[in-house]
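Colleague: I'd like to learn how to read a model like this one. Can we walk through a few features together?

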Amino acid sequence: MTSTTARRVRVQTEEAYDECGCAPTPRERRLLWPESVSRRGMLGLGALGVLALGSLGGALSAASPAFAAQYPTWEEVEKARANEAAKAAEVSKIEGLIRNLQNEVARTQAEAKRTADEFYEAQQAYFEAALYAEQLQQQADAEAAKAQDAAAKAGRVAAQLYRKGGDDTSLELFFSGSAATADDLLARLGTMDKLLERNQAVYADAITARDSAQSLSDQAAVARDERDRLQQVAEQKMIEAQAAADAAEAALAEQKSRKVELDAQLAALKDTAAKTLAGYKAGVEAERKARQERERRAREEAERRAREQAAAGGGGGGGVVGSGWARPSSGWRSSGYGPRTVQCGNGYCSSGTHWGVDLAAGCYAGIFAAASGRVVYAGSNGGYGNYIKIDHGGGIGTGYGHIASGHIYVRYGQWVNAGQLIAGEGNTGNSFGCHLHFETYVNGYPVNPVDFMGARGVSV
């Protein structure tokens, strides 16, 4: 089939869909099938395509009822007003559409929470497995060093006893010199036996340490395999959680955009007064503009607060240093990295390893990208609450947790610059108060942000 023929068939197919009223809108077409995608973009998408296909396919399938819904036009409402039977049918249809929108929001939000919790559990399991594998390898290295040291000691004793070779050496050691009496000779022979016994013990220690090192190395290899498996599980769960979060956001946006008009159409059908539809349409447009204005003011307020926090000092949140990295918050460090004792509050207790540092600047204070990179996750993440993960390339990443509800300012796939405002501090997830939980990753595994950021000229 030539390109011209294929284009003509596609146009005819689209026209057929348009006639039946089942085609996506132009906006939906742009979202689902972009006009053009660069080769580089396709390669980037391909890296996650295999894993994401099933999850995103499920999300699009779940969202399809909303896309396929046949919403009434104002012309249809106008016609229905002239006939009581048609009016009742149209009222019933609109009320059903409103219920469907509400149900879809509830369903997608429940699915988003379920997948977010699964992502969190998988992520924590991977972190624990990686730590266990690292600890086993450290123990194996320590045992190997012990075996090397014991073997060296045994070698030195053996060299001392037999450095000239042959049995005569040991006899020469004891008969030469001042062994004038039998007692002296026996004493020297006893010393020789003790030296030999000690050397045998050192040798035995070396063998034991060597075997222990080998055993621990084998266990560490198994642990690394499990770590790698759990990392893949966590990455898959992250993709599924992002798809579910996007589906929930799309359902909520659909409800917000549609419900105002549906409510106005419903009011127009139920209103017995002889009003024209112009007033109802004007109300819909006014509400749309008011919502846009509220969103604009909320964003400007968040940015203003972030600038004030940064200007107030406390660590220079968002300020980019020569390395190209920035402090992600102006807050003080309220908790460090590593094992910590049990802490309780807000109806739960937290213990075990703390994989990041906590920086507290206050509720809704600005959170800034620690370096330039691509947002690979933006949504809920179990105990982290609302969470953003940024990939900076070269196996380096950063994570930002406990973000306030409604204060994630970036989206999945978005490129951000170092020091850019990306969110506002909150108290979501397993949190005892408004703060940023900040993590740094090397090849997916969390490392101490104090050391990591310090090496880049940033104090946290």
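Modeller: Start with contacts: two residues are in contact when they have heavy atoms within 4.5 Å. In this protein, 70% of the contacts between residues at least 6 apart in sequence join residues at least 24 apart. Bear in mind that this is a predicted model, where local features need pLDDT of at least 70, side-chain atom pairs count only at pLDDT 80 or more, and totals for chains, interfaces and linings use all residues. Residues are numbered from 1 along each chain as its sequence is written, and side-chain values use heavy atoms, with hydrogens and water left out.

Colleague: Let's take Q124, then. Is Q124 buried or exposed?

Modeller: Buried means under 20% relative accessible area, exposed over 50%, and partly exposed in between (1.4 Å probe, protein chains only). Q124 has 14% relative accessibility, so it counts as buried. Across the protein's 460 residues, 37% count as buried.

Colleague: And which residues does Q124 touch, leaving out those up to four places away in sequence?

Modeller: W355 and Y384. A polar contact is a pair of N or O atoms within 3.5 Å; within protein, one must be able to donate a hydrogen and the other to accept it, and residues adjacent in sequence count only if both atoms are side-chain atoms. The Q124 side chain makes one with the side chain of W355, at 3.2 Å.

Colleague: Where does Q124 sit in the secondary structure?

Modeller: Helices (H or I, at least four residues) and strands (E, at least two) are DSSP runs, numbered from the N terminus. Q124 belongs to helix 5, residues 84-162, and the protein has 9 helices and 12 strands.
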